[in-house]
Amino acid sequence: MNQGKNQVLIVDDEPDIREVLELTLGRMNLETRSAANVEEARHLLGEFKFDLCLTDMRLPDGNGIDLVRHIQEKYPQVPVAVITAFGNMETAIVALKAGAFDFVSKPLDLNDLRSIVRSALKVGQAPLRAALVGGASAEAPSARKMLGNSPAIQKVRAMIERLARGQAPVYIAGDSGTGKELAARLIHELGPRADKPFVPVNCGAIPEQLMESEFFGHRKGSFTGAVQDKDGLFKAADGGTLFLDEVGDLPLSMQVKLLRAIQEKSIRPVGAQNEIKVDVRILSATHKNLHELVSQGRFRQDLYYRLNVIELHIPGLRERAEDIPMLAEQFCARLAGTLGMSTPHLTEEALETLGRYRFPGNVRELENILERALTLCNGNEITAQDLQLPVGDEETADEEGDDSFDGGSLDDYLERVERTAIEEALTKTNQNKTAAAKLLGISFRALRYKLEKLGIE
């Protein structure tokens, strides 16, 4: 084999398909070897070094899933793209869960195939590993890290690195303020789409009547106010990653359209006659329990399974309390640099106070607490008093107070908690909505939406 070229293993029992794949990849200046079954594929994998494997799902002596698992175990650096029967989304999802990089359906769309091959060959480059750990790196677009040494966060980092190697949709679960968007950015930046756009969208902040236009775009004159053509979020993320934050807030009517866009890999702008092909990786998150929403009929089960191919759980700050000192030090250094002041240190008493606090707002709340403390501290030292945290029994109010769940409707309970948090934030900020949104760790648009939804004046 020519060692100057990328090497691709083709596994398919149909000679015609093998020939098409060999010709197509050959024109992409790739070297290929072919196998007609799993046994031949395993033999070639042991004999040669490959950069990519393309395998059919149905093989005479096994199936593509078995081969995906074998490669994941023995040759984890080799991405695998699986060829599935047309419309067989369930099989494709099984392949992605098993570790396949992506899938392509028969009859083969050669443009899709070429795009998948090009993306898969980028995987081995690991362009931005520095973005995941270590200090600031000019190469990392987010310039932020998943900091910490706790077992919980080390597990998250390892999972992010693995997820970045594939194209499977990922559902990021975790409470508000844990860093779900940061995790999504790292998955994007460590993967083959790093040089393409990362487009985050808060689904709860878009008015329902504008959602279709926001997601899919529109044509001039398609509705009142459409004075020119507009590309939607899918088009903006074409070739890259679309991060759907608070996806649980999507109305059912939009869930149907989103499901079709994901499955067909195409969109139709409002007022357009034809669909447009888009190549977007979908990452999603919400602080709500999607499984509960499905059981209540408020979230489509088919969309849930399409989004939740692989789940990544981001632990709350109390689950990784040993990381608090490191996070506090890093936040203080960054915030002090922004304010043009020398970095203060936290007293032992301040660190002990942080260690006892429950952080209902998680990492985002820790950052907000330290930002406030920096403006209050005298000299180069942050004391426990500067943190302005509750003391005594107030620290466990979320366990013992009126907010405890005592049965009844989960929706009513969550609405009660949300209302209380918003009203407290408005009180603390003297009804300044911009400041309250920042304290809550949400956008101003999201706060405005929630105020209207909850009927808070």
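**View 1. The end of helix α4 and the residue that follows.** Just past α4, G99 has a positive phi of about 120°. Helices here are DSSP runs of H or I with at least four residues, strands are runs of E with at least two, and both are numbered from the N terminus. This is a predicted model, with local features needing pLDDT of at least 70, side-chain atom pairs counting only at pLDDT 80 or more, and totals for chains, interfaces and linings using all residues. Residues are numbered from 1 along each chain as its sequence is written, and side-chain values use heavy atoms, leaving out hydrogens and water.

Helix α4 has buried residues too: M89, A92, I93, A95, L96 and A98. (Buried means under 20% relative accessible area, exposed over 50%, and partly exposed in between, with a 1.4 Å probe and protein chains only.) They pack against α3 (64-74), β6 (80-84), β7, α10, α12 (301-307) and β14 (310-313).

**View 2. D56, a residue with an annotation.** You'll find D56 in strand β3 (residues 52-56). The UniProt annotation "modified residue: 4-aspartylphosphate", from an unreviewed entry, covers D56; such annotations are given in the numbering used here, with feature names shortened, and may be inferred rather than shown by experiment. D56 counts as buried because its relative accessibility is 6%. Leaving aside residues up to four places away in sequence, D56 touches V11, D12, D13, G64, I83 and K106, where contact means heavy atoms within 4.5 Å.

**View 3. The second largest pocket.** This pocket has a volume of about 880 Å³. That volume is the space filled by probe spheres set on grid points, which are joined across faces, edges and corners. A pocket is an open set of points on a 1 Å grid over the protein atoms alone, where a 1.4 Å probe fits, with protein on both sides within 12 Å along at least five of seven lines; lining residues have an atom within 4 Å of a point. There are 37 lining residues, and F103, D112, Q263, E264 and K265 lie nearest the centre. Two or more residues each come from α4 (89-98), β7 (102-105), α5 (110-122), α10 (252-264) and β13 (281-286). Helix α5 gives the largest share, 5 residues. Domain 1 (7-125) and domain 2 (153-313) each supply at least three lining residues, with the bounds taken from an automatic or database domain assignment.

**View 4. M146 in a loop.** M146 lies in the loop between α5 and α6 (151-164). Its relative accessibility is 4%, so M146 counts as buried. M146 and L182 are 36 residues apart in sequence, yet 7.5 Å apart in space, C-alpha to C-alpha.
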